[in-house]
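Please read this briefing with the sequence and the structure open beside it.

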Amino acid sequence: MMKVAPAVVVLGQNSVEIARKIIGVLPGATLYGLAGRTSGVDVSFTNFGETLRELFVGGTPIIGICAAGILIRTLAPLISDKRQEPPVLAVAEDGSAVVPLLGGLNGVNDLSRRIAEVLEVKPAITTTGDIRFRTALLSPPPGYHLANPDDAKTFISDLLAGAQVKLLGTAPWLSNSQLPIDPKGDLTIQVTERLVTPTANCLVYHPQTVAIALTDTSVTVDSIQELLADAGLVPASIAGVFAPITIASSPAIHAVAHVFGVPTRFFTLNQLETLLTQGYSVAQAAALTATGKSGQLISSSSHLAITISPQTIDPNTIGQPRGRLAIIGTGPGGSQWMSPEVKEILKSATDLVGYKTYLDLVGSLAEGKQRHESDNREELARATMALDLAATGRYVAVVSSGDPGIYAMAAAVFEVLDYHSKPEWESIDIHVAPGISAMQAAAATIGAPLGHDFCAISLSDILKPWSIIEQRIAAAAQADFVIAFYNPVSKERTWQLAEARNILLRYRKPSTPVVLARNISRPGQTVKVITLDQLVPDSADMRTVILVGSTQTRIIQRIDDSLCVYTPRRYSAG
């Protein structure tokens, strides 16, 4: 089972469509495209070799939509340990061939089959054992762990030479294969969650059938390991750590799961109610809910319970994960302004919440997500909906343009959390991912007008009275700040900008530089430099950021007639 999401690497625009089809069946996969030859990708690169080798060394599975030879020659110097190498496979540009190259011990053949299925072709698998037995003993499916891989090569060689094998335990992927299974076989495959000593002629697979349930954050890894040892169980068979949703925010719970390399899943008390009424403790009820009615309670204490399921446990189908809420800023518009962190969040999120215009700016990163659109003035309702969604275990991204903490949704979410908090919201992991603000982007297009002290003021009087706005404009003007005006005018609000100009003219010269930046990095971008006395309501709209210079701000006329505006770092009182 891959622990790292794959990278799909393309060298030309013709491959992007095939790449997107592949990514559709590989949640979390990232599309890498060669700069200058591709567009609409997640990550652009300029050096193919360096990028590929960096991914390989980092353990990232690589799907190259290119010739197999290019991948082999690029990675050849790094190929040394087949146990550590990630899956690497080549896909023909037209999707007609899928060729696994490296990573046989880490699931490359299974990955090839998944990709080949969506492309409706047959994977070019050449591993003899896979072909003859229709199973990969060295790379068991999710939910199983091979305890003695060092013995597997000779074991498989003996099978290929005609030896027969007896199967102890239950594993459908083995019993449904074409292995030469015989109760009297000289070789043995044992499937067990118990601690056994493997031998050269016996492969041992540990199925993930064990559920660990905790109800108190004081439970330690040592106490769990002690109980496992007393029961003769191996940690490799732990499928997940389960707990009531009320302690989902505890770092201790997630630390335990991290040590064992398994996910955490949580239950509401309503989901445990039936077992609780039967006299089980909360820990026992959680463990038995994870394994089902046929689960066997092995060990328990007041805050810890262990159960065994008769079949492997898929924790992704049980309870819910801890809900996550990311409040992100996509930057002013184009994807080139979007941070890598924000792109990763957008790829991983299950739900996107925001104003339709901002959700549209996400582009292809919104594919496969649940979109929850709302009017731009419904910030508090939008924040409440996002928190409610996250409380059910979803990974929700609240999308703002620019930076989410500047006149955007981060403050709205925390306002709702502060004044209207619900108990179920306490379990949510909340994270703010910054973005390039509109004023930063506007400043960058014209030079460095924010090069010295500056402030930002919204001219919208919807959420605060005009009397406060007047005071702030006057104070900022008197203090000689460069001022970034947000929300300068709308269809209903036109006089505020004219009044702001009049206030500024009490403290600034009419020739003070003013930058009007509209639709930065979006279609229809315009950047214009005027003087303060030319600033009128018709100069701007809600998509315009206005930067008003200080007494120190200067304009440079370039030889090509272009203008640059900057505010010197050294302040001159003269």
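Predicted model: local features only at pLDDT ≥ 70, side-chain atom pairs only at ≥ 80, totals over all residues.

Residues are numbered from 1 along each chain as its sequence is written, and side-chain values use heavy atoms, with hydrogens and water left out. The protein has 18 helices and 28 strands, where helices (H or I, at least four residues) and strands (E, at least two) are DSSP runs numbered from the N terminus.

**Overall picture**

- Along the principal axes, the C-alpha atoms of the protein fill a box of roughly 100 × 65 × 40 Å.
- Of the 574 residues in the protein, 48% are buried; buried means under 20% relative accessible area, exposed means over 50%, and partly exposed lies in between, with a 1.4 Å probe and protein chains only.
- Among contacts with a separation of 6 or more, 61% are accounted for by residues 24 or more positions apart, a contact being heavy atoms within 4.5 Å.

**Helix packing**

- Helix H1 (residues 16-23) packs against helix H4 (residues 108-119) at an angle of about 120°, with the axes 9 Å apart; axes are lines fitted to C-alpha atoms, for helices over the stretch in contact, and angles run from 0 to 180 degrees between N-to-C directions.
- H1 and H4 are therefore oblique to each other, given that angles under 35 degrees count as roughly parallel, over 145 as roughly antiparallel, 65 to 115 as roughly perpendicular and the rest as oblique.
- H1 passes H4 in a right-handed crossing, where right-handed means that the near helix is turned clockwise from the far one by less than a right angle, and left-handed means anticlockwise.
- Ile18, Lys21 and Ile22 of H1 make this contact with Ile115, Val118 and Leu119 of H4, and by class the residues are five nonpolar, no polar and one charged; Ala, Val, Leu, Ile, Met, Phe, Trp, Tyr, Cys and Pro count as nonpolar, Asp, Glu, Lys and Arg as charged, and the others, Gly among them, as polar.
- Helix H10 (residues 269-277) and helix H11 (residues 282-291) pack at about 110°, with their axes 9 Å apart, which makes H10 roughly perpendicular to H11.
- The crossing of H10 and H11 is right-handed, and in it Gln271, Leu272, Leu275 and Leu276 of H10 meet Val282, Ala285, Ala286, Leu288 and Thr289 of H11; these contact residues divide into seven nonpolar, two polar and no charged.
- The axes of helix H17 (residues 466-478) and H18 come within 9 Å and cross at roughly 35°, in a right-handed crossing.
- On the H17 side the contact is made by Trp466, Glu470, Ile473, Ala474 and Ala477, and on the H18 side by Trp495, Gln496, Glu499, Ala500, Ile503 and Leu504, giving eight nonpolar, one polar and two charged residues.

**A buried arginine**

- Arg508 lies in the loop between helix H18 (495-504) and strand S24 (513-518), and with a relative accessible area of 3% Arg508 is buried.
- Not counting residues up to four places away in sequence, Arg508 touches Ala476, Ala477, Asp480, Phe481, Leu532, Val548, Gly549, Ser550 and Thr551.
- The side chain of Arg508 makes a polar contact with the side chain of Asp480 (3.5 Å); a polar contact is a pair of N or O atoms within 3.5 Å, and within protein one must be able to donate a hydrogen and the other to accept it, while residues adjacent in sequence count only if both atoms are side-chain atoms.

**Positive phi values**

- Most residues other than glycine have a negative phi.
- Asn519, which is not a glycine, has a positive phi of about 55°; Asn519 is found in the loop between S24 and strand S25 (526-531) and counts as buried at 6% relative accessibility.
- Asp561 also has a positive phi, near 75°, and is found in the loop between strand S27 (554-557) and strand S28 (563-566), where Asp561 counts as exposed at 62% relative accessibility.

**A partly exposed isoleucine**

- Ile131 has its place in helix H5 (residues 128-133) and is partly exposed, with a relative accessible area of 41%.
- Beyond residues up to four places away in sequence, Ile131 touches Ile125 and Thr126.
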